[in-house]
Protein chains: 2
Amino acid sequence: MILPPDRPLAIIAGGGSVPLHVARAAEQAGRKTLVVGIEGEADADFDGFSYERFSWGQIGKLERLLSGHGARDVVIVGGVRVRPDFRLLTQLDMGTVKALPEIYAILRKGDNSVLTGVIRFIEARGYSVVGAHEVATDLVAPEGTLVGKPSAEQLADARLAIEAAWLIGQLDAGQAAVSVGERIVALEGAEGTDAMLERVALLRETRRVRFAIPGGALAKCSKPQQDLRVDMPTIGPDTVTHAKAAGLAGVAIEAGRVMIIDRAETVRRAEAAGFFIQAFAPQAPSP
Amino acid sequence: MILPPDRPLAIIAGGGSVPLHVARAAEQAGRKTLVVGIEGEADADFDGFSYERFSWGQIGKLERLLSGHGARDVVIVGGVRVRPDFRLLTQLDMGTVKALPEIYAILRKGDNSVLTGVIRFIEARGYSVVGAHEVATDLVAPEGTLVGKPSAEQLADARLAIEAAWLIGQLDAGQAAVSVGERIVALEGAEGTDAMLERVALLRETRRVRFAIPGGALAKCSKPQQDLRVDMPTIGPDTVTHAKAAGLAGVAIEAGRVMIIDRAETVRRAEAAGFFIQAFAPQAPSP
């Protein structure tokens with residue numbers, strides 16, 4: 001989806017550098033852009049951008065900011081460390097109070113439903129929620145080799161790992177897998193990708209038979225039930241560092257469906273480490 | 001497969017109590033039984049049974065023992081800690097020397113192929129390799145509840161976990177999975193079931209959101225490429241203890257395709273812990 005440049009855009013910004021990257025991409029595309037930082041989360045330097053802030057108790061303020069900007073499209077992007085507990089907030093503006101029944105209904109659901117609920121909440125107010133990668137298209141990779149020169153063996157590991165990652169995504173179990181010597185050695189569950197990579201590093205140290213083989217690949221895939229507009233799996237410079245520490249030779253990602261945080265630094269580290277990053281066409285949906 | 005009682009049986013025994021259990025079942029079935037312990041591995045007390053020993057360099061002796069016993073069926077059962085390295089063996093009997101080209105060809109393959117190779121090696125000499133569970137049928141469980149009274153929620157976790165375990169078996173990745181609150185939280189890779197359960201225990205301690213829910217189930221499945229005659233996934237008393245330590249409420253296994261080590265003690269511990277064990281019909285083979 002290519003967005004016409006004349007639509008004003010609002011970026012609701014959490015932590016990290018990605019919101020700034022999206023803001024820059026929007027301005028480069030000639031879009032009138034407003035960044036609304038989430039208090040206590042947004043931490044990039046938005047100097048030179050129209051920048052406002054709101055806290056979770058100020059949904060009314062948020063709505064005024066969005067409508068005052070004339071935004072039709074809203075991007076929600078960046079890390080959110082603290083899940084808001086509206087029961088603990090003492091200062092709620094009128095917009096928040098009015099929205100409380102709707103907010104509580106959203107928060108009672110699981111994690112995936114909360115995100116879906118937030119999208120519904122915003123769209124119910126007349127906005128379109130747009131994926132960060134639809135504004136900053138370089139946040140995702142097209143099919144092919146992004147960096148490095150993977151060998152046939154490395155590509156075989158990458159492909160097997162991505163098939164496994166995709167399969168466990170169907171189970172809603174995790175979104176990452178590791179293949180070494182064309183054998184799946186680790187599958188991600190609730191522990192997350194970093195803990196899984198630590199496990200692989202440990203398996204290597206303890207020299208299990210399978211791990212005599214050098215190299216191998218980490219793969220990361222989106223899950224079919226993820227709304228990629230607000231919830232996309234990510235890789236970044238630390239992924240390269242951690243995968244390298246686990247003795248792996250590269251990372252496989254799904255083209256268009258995995259976000260690359262700080263692409264320049266990610267590529268730089270991969271090049272320095274002799275590491276490859278390969279994007280594969282998304283797997284077919286389950287029948 | 002019910003074996004006729006008149007066929008002499010040889011049991012090539014590794015470590016642990018299972019070989020003894022199989023020997024008792026064979027004798028109870030009226031079969032003439034010879035136990036051949038693997039030197040350095042077999043550690044049960046085979047008093048009262050015809051018992052011989054051989055070491056890896058004595059393939060000739062093993063062949064003489066089997067043929068002297070008149071065995072037609074051979075069970076290979078019990079733990080083997082040390083994978084034999086025939087290059088390091090200094091004393092090889094003539095039967096071993098003659099078999100060396102065949103042995104090297106087997107050992108060059110991966111783990112699964114080694115077992116397949118051993119079966120082929122024995123069958124090439126005119127014996128049938130028989131599964132321990134075909135002699136001691138109580139080593140596996142029929143479909144249904146083996147112990148405990150699982151609730152509908154617990155059965156839902158058990159069923160989801162077994163589906164996940166089965167699915168990753170198709171990937172040849174692992175054979176165990178954990179579901180908590182009808183969500184897959186851990187999938188086994190090369191780390192093995194115990195390490196996976198430790199991970200679940202740790203996730204509980206660190207109180208990840210998903211783990212607010214008590215209970216959950218471990219599942220264990222065979223992999224489609226496993227030859228269940230010599231390589232069957234197992235549960236036992238320690239599985240109950242470790243799964244309980246991970247806060248789980250029960251274990252799901254595949255009926256007829258997962259071995260229960262020391263069933264009496266396993267059931268006793270499960271009962272003491274208020275733990276369930278449920279056997280499910282094997283999943284359909286992949287299309």
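**A buried cysteine and an open sheet**

Author: A:Cys221 has 0% relative accessibility in this predicted model, and because anything under 20% is classed as buried, this cysteine counts as buried.

Reader: And what about B:Cys221, buried or exposed?

Author: B:Cys221 also comes out at 0% relative accessibility, so it counts as buried.

Reader: Switching topic, what is the strand order in the open sheet of chain A?

Author: The six strands of that open sheet in chain A run in the order S6-S13-S11-S9-S7-S8, and their pairing is mixed. Strand S6 (144-147) and strand S8 (183-187) of chain A each have a single partner strand, so they stand at the edges with one side lacking a neighbour in the sheet. From one strand to the next, the twist averages 25 degrees.

Reader: How do S7 and S8 of chain A run, and how many bridges join them?

Author: Strand S7 (residues 176-180) and S8 of chain A run antiparallel and are joined by four bridges; within S8(A), the residue opposite A:Ala177 is A:Leu187.

Reader: Which helix packs on the sheet there?

Author: Helix H7 (residues 193-205) of chain A does, touching S7, S8 and strand S9 (217-220) of chain A, and its direction makes about 20 degrees with that of S7(A).

Reader: Stepping back, what does the secondary structure of chain A come to?

Author: Chain A has nine helices and 13 strands, and 53% of its 287 residues count as buried.

Note on methods
Residues are numbered from 1 along each chain as its sequence is written. Chains are lettered from A and ligands numbered from 1 in the order in which they are written. This is a predicted model: local features need pLDDT of at least 70, side-chain atom pairs count only at pLDDT 80 or more; totals for chains, interfaces and linings use all residues. Side-chain values use heavy atoms; hydrogens and water are left out. Two strands pair if DSSP finds at least two bridges between them. Helices (H or I, at least four residues) and strands (E, at least two) are DSSP runs, numbered from the N terminus. Axes are lines fitted to C-alpha atoms, for helices over the stretch in contact, and angles run from 0 to 180 degrees between N-to-C directions. Contact means heavy atoms within 4.5 Å. Buried means under 20% relative accessible area, exposed over 50%, partly exposed in between (1.4 Å probe, protein chains only).
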